[in-house]
Each structure stands twice: as structure tokens, then as C-alpha cells.
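Please have the sequence and the model at hand while going through them.

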Amino acid sequence: MSYDLLYGRAGFLWGALFVNKHLGDDAVPKDILMPIIDAVLAGGRAGASDVEDCPLMYRWHGTRYLGAANGLAGILHVLLHFPLPREDAEDVKGTLRYLMSKRFPHSGNYPSSEGNPRDKLVQWGHGATGMAITLSKAAQVFPNDRELRDAAIEAGEVVWKSGLVKKVGLADGVSGNAYAFLSLYRLTKESIYEERAKSFASFMYDNAKSLASANGYSLSQGLAGDSMPLV
């Protein structure tokens with residue numbers, strides 16, 4: 001089994017967090033979750049053995065993805081929701097700093113995978129959107145680390161400038177990008193992010209049917225995903 005959020009262990013952990021939030025903390029007990037968390041951390045350390053200055057690294061189909069769907073940003077986002085021992089927390093923070101070092105210098109966007117020079121994707125699955133969401137959570141977990149907060153805000157600016165994409169769904173579409181502003185609003189309580197989320201939501205409401213793809217009502221790439229930021 002892989003480690004990523006969409007298809008791997010991190011996805012199971014994310015689902016367990018959802019179940020425990022709505023059905024009670026012990027619906028999926030800790031004695032089930034902790035070995036999986038340990039496996040994700042161990043796999044990341046093994047994957048980073050040949051990567052300088054990066055404590056955790058993962059591959060999906062042989063590629064080191066950096067985004068939220070299949071890569072580092074999504075896995076780290078899930079790990080940040082669990083109470084980690086100091087050593088593990090420092091490895092997560094060190095990996096976040098490694099990710100931040102990969103920003104494209106001119107746009108502030110993030111590559112989809114290690115060494116990929118293509119600076120185009122601004123969506124939850126790849127690019128600045130997933131990083132804005134993950135860094136917003138990291139800034140809450142590590143409130144004394146101003147650099148994480150600043151990087152989250154900078155990623156949010158990339159989403160505002162380039163994230164009004166003509167696609168639907170959480171993974172590739174404008175609804176996933178709206179979530180970046182909701183995350184920044186939770187972090188900063190600044191009304192500008194609430195207004196930006198509303199602007200993207202209004203665009204979705206007005207254009208969802210015309211932008212609908214062959215994926216129809218799917219969560220990741222269809223109209224079901226567009227309903228999520230509106231709930």
C-alpha cells in the first residue's frame with residue numbers, strides 16, 4: 001500500500017479522523033491508528049535516505065510528488081492532525097521547510113513533483129493550493145514559527161492570482177482552491193480570506209454546469225466537489 005492521501009495510508013488516517021470527529025474519539029481507536037502513523041513516518045524516513053535536508057519523502061508510482069493529492073503536502077497535512085512525539089514533529093517541520101525551499105522564485109507556486117520545472121498547476125492536487133492548506137494547519141500546530149504562517153499567506157496569494165481555474169471538483173477545480181482561503185481564514189481570522197472564499201464560491205455557483213466535465217458528479221473532479229465549500 002502507498003502512503004499518499006488519495007490512495008494510501010494517509011487517506012485511511014484522514015478517513016478515521018472524519019469518523020472520530022462525527023462519531024466520537026474512539027470510533028476508530030488509537031491502537032489501530034498509531035501503528036499506521038508509525039508506518040507512515042518510517043516509510044518517509046526510508047524514502048528520504050537519499051534526499052539531502054529532507055527528513056521525510058515518499059514516492060507514488062516511482063515519482064516524488066510534492067502536492068496534496070499524491071505527495072508530501074497531503075501526507076504532512078494528515079500527520080499534523082495527530083499528537084506527535086517531539087522527534088516526529090521536528091521531522092514533519094523539517095520536511096515542510098524542504099517543501100518551502102522548492103517554491104518557484106518568480107511566481108511563488110510549487111512544483112507538482114521533485115525536479116519538475118513546469119510552473120502551471122494551481123489546484124488542491126498540485127501546486128500552491130495544497131501547500132496553503134497544509135501550511136495553515138502547520139502554523140496552528142507550531143504557532144511560534146512565523147515562517148510557516150508567512151509561507152501559508154504567500155501561497156494563498158498565488159491561489160488568489162492564478163486559482164480561478166475553469167474546472168470543477170475538489171482536486172483540480174475552483175472549489176478546492178476556495179478551501180485555501182477557508183484555511184487561511186481559520187488561521188488568521190482576517191475577513192479578506194472569507195471574502196475571497198465567497199468570491200470563488202460565487203464563481204462556482206454561476207459556472208458549475210457550464211464547466212462540468214465527463215466526471216459528472218464525482219467529488220474530486222465533478223459537481224459533488226463544488227458543493228463542499230458551500231456547506
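**Note on helix packing, an aromatic pair and confidence**

1. Helix α5 passes helix α7 in a left-handed crossing. The model is a predicted one. In it, the axes of α5, residues 128-141, and α7, residues 174-188, come within 8 Å and cross at roughly 20°. Because angles under 35 degrees count as roughly parallel, α5 is roughly parallel to α7.

2. Which residues bring the two helices into contact? From α5, the contact takes in Thr129, Ala132, Ile133, Ser136, Ala139 and Gln140. Their counterparts in α7 are Gly176, Asn177, Tyr179, Ala180, Ser183, Leu184, Arg186 and Leu187.

3. The structure contains six aromatic pairs. One of them joins tryptophan 160 and phenylalanine 200, with 5.8 Å centre to centre and 25° between the planes. This pair is stacked, because planes under 30 degrees apart count as such. The pair links distant parts of the chain: tryptophan 160 belongs to helix α6 (residues 146-162) and phenylalanine 200 to helix α8 (residues 191-211), 40 residues apart.

4. As to confidence, the chain has a mean pLDDT of 91, and 90% of its residues reach 70 or more. Among the elements of the chain, helix α3 (residues 72-79) has the highest mean pLDDT, at 98. The lowest, 50, belongs to helix α9, residues 223-227.

Key: Residues are numbered from 1 along each chain as its sequence is written. This is a predicted model: local features need pLDDT of at least 70, side-chain atom pairs count only at pLDDT 80 or more; totals for chains, interfaces and linings use all residues. Side-chain values use heavy atoms; hydrogens and water are left out. pLDDT is the predictor's confidence in each residue, from 0 to 100. Helices (H or I, at least four residues) and strands (E, at least two) are DSSP runs, numbered from the N terminus. Axes are lines fitted to C-alpha atoms, for helices over the stretch in contact, and angles run from 0 to 180 degrees between N-to-C directions. Angles under 35 degrees count as roughly parallel, over 145 as roughly antiparallel, 65 to 115 as roughly perpendicular and the rest as oblique. A crossing is left-handed if the near helix is turned anticlockwise from the far one by less than a right angle, and right-handed if clockwise. Contact means heavy atoms within 4.5 Å. Rings of Phe, Tyr and Trp (its six-membered ring) pair if their centres lie within 6.5 Å; planes under 30 degrees apart count as stacked, over 60 as edge-to-face and the rest as tilted.
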